[in-house]
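Dear colleague,

Here is the structure I said I would pass on. My notes on it follow below.

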Amino acid sequence: MALTYIDIFAGAGGLSEGFLKNGYTPIAHVEMKKEACLTLETRACYYYLKSKERIDEYNQYLKKKINRDELYSRVPQELLNTVINKTMDKKSMQELYTQIDNLMRIQDIQSVDVLVGGPPCQAYSLVGRARSKNNMEGDLRNYLYELYSDMLEKYKPRMFVFENVPGLLTAKKGEYFFNMRERFRQAGYELDYKILNSKDFGVLQNRRRVILIGKKRGQEYHYPLFKRITETYSVADLFKDLPAISPGEQNNIYSSDPTEYLKKYNIRTKDDILTWHEARPNIERDRKIYRCVIKAWDEKKVRLKYIDLPEELCTHKNRETFLDRYKVVASNLEYAQTMVAHISKDGHYFIHPDINQARSVSVREAARIQSFPDNFYFEGGRTAAFLQIGNAVPPLMADVIAAEIKQQLMT
């Protein structure tokens, strides 16, 4: 029988993707944003139709030959019902329990093997605290771990995976993290944690995250010894097969065969349909800045600071902080900078390396930096898609974590 899991604070399902790839059965995905819930439902359609050897029907949707309602009509409604669009707070928990209990009854599932999820990280992130007038003091997101603990007490999974930013360990001088660990112990769980980097899991991105893994007290367990992947690829391997586009344009026809990297990690397969290779519009002043930043990197391998730009291009009054607000995704490096949710607001920190295109990365390019496969479709508009991508756990990283946990649960 397949292992089961519940995914809370699910986002677009980057963490969940790793568990789905390893054959786990999702009991429920709980997410507050409607667009991300639609993405989760569409992904459920992908896995269902693929299992029935009907992937052509999913591709019809990507080709816009059928609409979303038609796609959803081709899968069991109870599958779509596993996605719960709800904001988790103290008032909503009892109603949420009722919905999950009903899903378990319908699916004839008696117990939960794993609880996964990462609460919104703004309250713990160094950037979030730096931009806050009171260092995020009193922000309710500081205490979302309490709802996570409530879920542990209610469903008593054998293990759990909790993901967040490294700032979690130091927020309020470590008080939040200390209280979190105590709360999880009170719920009956022991845990261990490490700061892991996605670049060690085959992701071409420098992304450090705290991964807490817990188990029921008294159960044999060890924190997985993840084998570091040391193969040498470059960021160029993410972009080579995508057509050149200008700001505001889209082109969803591959320009060449996939690179070795894309094939090896199944980011692009022979059946895939390219979607979301769409760039946001950029004003000409920003494009001039982009060209300066790209040229400095190409010619001198220098990261330009804002104050290094020509004076006529410096329109911001703030010239003391966030001086690295413009940054090229350098194609000759082994990994890109950390993808963040701010890309939904502007793409200045993720400039495409081609000086002739002089634009920020497209939605699909951002998704590839995060290791999302090309068959993963993001619902909502461009801004919503960027937000979902920036907030996600890289699926390649999630895949390895899920596989290691499965090995322990099956032995």
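In which helix is serine 16 found? Serine 16 is in helix H1, which covers residues 14-21. Please keep in mind that this is a predicted model.

Serine 16 is buried, with a relative accessible area of 1%. Leaving out residues up to four places away in sequence, serine 16 touches Tyr5, Asp7 and His29.

Overall

The protein has 15 helices and 7 strands. Its radius of gyration is 22 Å, close to the 22 Å that the globule rule gives for 411 residues, so the protein is as compact as a globular protein of that length. The C-alpha trace spans about 65 × 55 × 40 Å along its principal axes. Of the 411 residues, 56% count as buried. Among contacts between residues at least 6 apart in sequence, 70% join residues at least 24 apart.

Two helix pairs

Two packed helices are described by the angle between their axes and the distance between the axes. I give both values for each pair.

H1 packs against helix H15 (residues 395-410) at an angle of about 50°, and the axes are 7 Å apart. That angle makes H1 oblique to H15. The crossing of H1 and H15 is right-handed. On the H1 side, the residues that meet H15 are Gly14, Leu15, Glu17, Gly18, Phe19 and Lys21. On the H15 side they are Pro395, Ala398, Asp399, Ala402 and Ile405. By class, the contact of H1 with H15 has 6 nonpolar, 2 polar and 3 charged residues.

The other pair is helix H6 (residues 93-106) with helix H8 (residues 144-155), packed at an angle of about 40° with axes 12 Å apart. H6 is therefore oblique to H8. H6 and H8 also cross in a right-handed sense. From H6, Met93, Leu96, Tyr97, Ile100, Asp101 and Met104 take part in the contact. Their partners in H8 are Leu147, Asp150, Met151, Lys154 and Tyr155. The contact of H6 with H8 divides into 8 nonpolar and 3 charged residues, with no polar ones.

What does leucine 147 contact, apart from its neighbours within four places in sequence? The residues are Met88, Asp89, Lys90 and Met93. Leucine 147 is in helix H8 and is buried, with a relative accessible area of 4%. One of those contacts, lysine 90, is 57 residues from leucine 147 in sequence, and their C-alpha atoms are 7.4 Å apart.

Serine 92 is in the loop between strand S3 (83-85) and H6. Is serine 92 buried or exposed? Its relative accessible area is 9%, under the 20% limit, so serine 92 counts as buried. Not counting residues up to four places away in sequence, serine 92 touches Lys86 and Thr87.

Loop residues with positive phi

Lysine 64 has a phi near 65°, a positive value in a residue other than glycine. Lysine 64 lies in the loop between helix H3 (55-62) and helix H4 (68-72). At 68% relative accessibility, over the 50% limit, lysine 64 counts as exposed.

Asparagine 266 is another non-glycine residue with a positive phi, near 55°. The loop that holds asparagine 266 runs between helix H11 (260-264) and helix H12 (284-300). Asparagine 266 has a relative accessible area of 44%, which makes it partly exposed.

One more loop position

Where is lysine 52 found? Lysine 52 is in the loop between helix H2 (34-51) and H3. With a relative accessible area of 47%, lysine 52 is partly exposed. Lysine 52 and leucine 204 are 152 residues apart in sequence and 32 Å apart in space, C-alpha to C-alpha.

Regards

Technical notes. Residues numbered from 1 in each chain as written. Predicted model: local features only at pLDDT ≥ 70, side-chain atom pairs only at ≥ 80, totals over all residues. Heavy atoms only, no water. Axes fitted to C-alpha atoms, helices over the stretch in contact; angles between N-to-C directions. Helix = DSSP H or I, 4+ residues; strand = E, 2+ residues; numbered from the N terminus. Parallel < 35°, antiparallel > 145°, perpendicular 65-115°, else oblique. Left-handed = near helix turned anticlockwise from the far one by under 90°. Contact = heavy atoms within 4.5 Å. Nonpolar A, V, L, I, M, F, W, Y, C, P; charged D, E, K, R; others polar. Rg over C-alpha atoms; globule rule 2.2 N^0.38 Å. Buried < 20%, exposed > 50% of the residue type's maximum accessible area, 1.4 Å probe, protein only.
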